[in-house]
Amino acid sequence: MSAPLYQLKAEFFKTLGHPVRIRVLELLSEREHAVSEMLTEVGVEPSHLSQQLAVLRRANLVTTRREGSAVYYTLANPNVAELLKVARTILSGVLTGQAELLADLRATEPDRTVRRRGTA
């Protein structure tokens with residue numbers, strides 16, 4: 001018996017649940033990158049990047065090709081780039097809403113310079 005779709009989706013989003021993996025996918029949304037290029041852009045140790053790339057490979061989110069000693073990565077599916085764009089749009093809306101709420105809270109805050117009754 002196969003897993004329900006909601007479980008598969010949860011596993012998919014868990015795979016995306018690491019900042020280095022998100023950054024790699026963002027880079028690959030622009031174009032193919034060699035591992036050496038990603039190292040400078042992501043700013044992690046080579047072994048850590050290698051681990052995160054392996055996770056993305058196992059999830060079939062990226063593909064590789066070798067050219068001499070260089071390994072190049074690309075997105076396995078262009079819809080991943082679209083998913084990242086949608087996530088950015090959602091987050092932008094959430095953060096805008098939070099900023100508006102914070103502004104409202106600050107606007108309704110009592111003046112802290114007013115002395116309380118009974119204090120000198």
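Apart from its neighbours within four places in sequence, Met 38 is in contact with Val 24, Leu 27, Leu 28, His 33, Gly 43, Leu 49, Leu 53 and Tyr 73. The model is a predicted one.

In soluble globular proteins, nonpolar side chains tend to be buried together. Here the largest nonpolar core has 19 residues, and those with the most contacts inside it are Val 24, Leu 25, Leu 28, Met 38 and Tyr 73. Two or more residues each are given to this core by helix H2 (19-30), helix H3 (35-42), helix H4 (46-58), strand E3 (70-75) and helix H5 (79-107). H2 supplies the largest share, five residues.

Two packed helices are described by the angle between their axes and the distance between the axes. For H3 and H4, the axes come within 10 Å and cross at roughly 110°. H3 is therefore roughly perpendicular to H4, because angles of 65 to 115 degrees are classed that way. The crossing of H3 and H4 is right-handed. On the H3 side the contact is made by Val 35, Met 38 and Leu 39, and on the H4 side by Pro 46, Leu 49 and Leu 53. By class, this contact of H3 with H4 has six nonpolar residues, with no polar and no charged ones.

The loop between H4 and strand E2 (62-67) holds Asn 60. Most residues other than glycine have a negative phi. Asn 60, however, has a positive phi, near 60°. Asn 60 counts as exposed because its relative accessible area is 59%, and exposed means over 50%.

How values were computed:
Residues are numbered from 1 along each chain as its sequence is written. This is a predicted model: local features need pLDDT of at least 70, side-chain atom pairs count only at pLDDT 80 or more; totals for chains, interfaces and linings use all residues. Side-chain values use heavy atoms; hydrogens and water are left out. A nonpolar core is a set of buried Ala, Val, Leu, Ile, Met, Phe, Trp, Tyr and Cys residues joined through side-chain atoms within 4.5 Å. Buried means under 20% relative accessible area, exposed over 50%, partly exposed in between (1.4 Å probe, protein chains only). Helices (H or I, at least four residues) and strands (E, at least two) are DSSP runs, numbered from the N terminus. Contact means heavy atoms within 4.5 Å. Axes are lines fitted to C-alpha atoms, for helices over the stretch in contact, and angles run from 0 to 180 degrees between N-to-C directions. Angles under 35 degrees count as roughly parallel, over 145 as roughly antiparallel, 65 to 115 as roughly perpendicular and the rest as oblique. A crossing is left-handed if the near helix is turned anticlockwise from the far one by less than a right angle, and right-handed if clockwise. Ala, Val, Leu, Ile, Met, Phe, Trp, Tyr, Cys and Pro count as nonpolar, Asp, Glu, Lys and Arg as charged, and the others, Gly among them, as polar.
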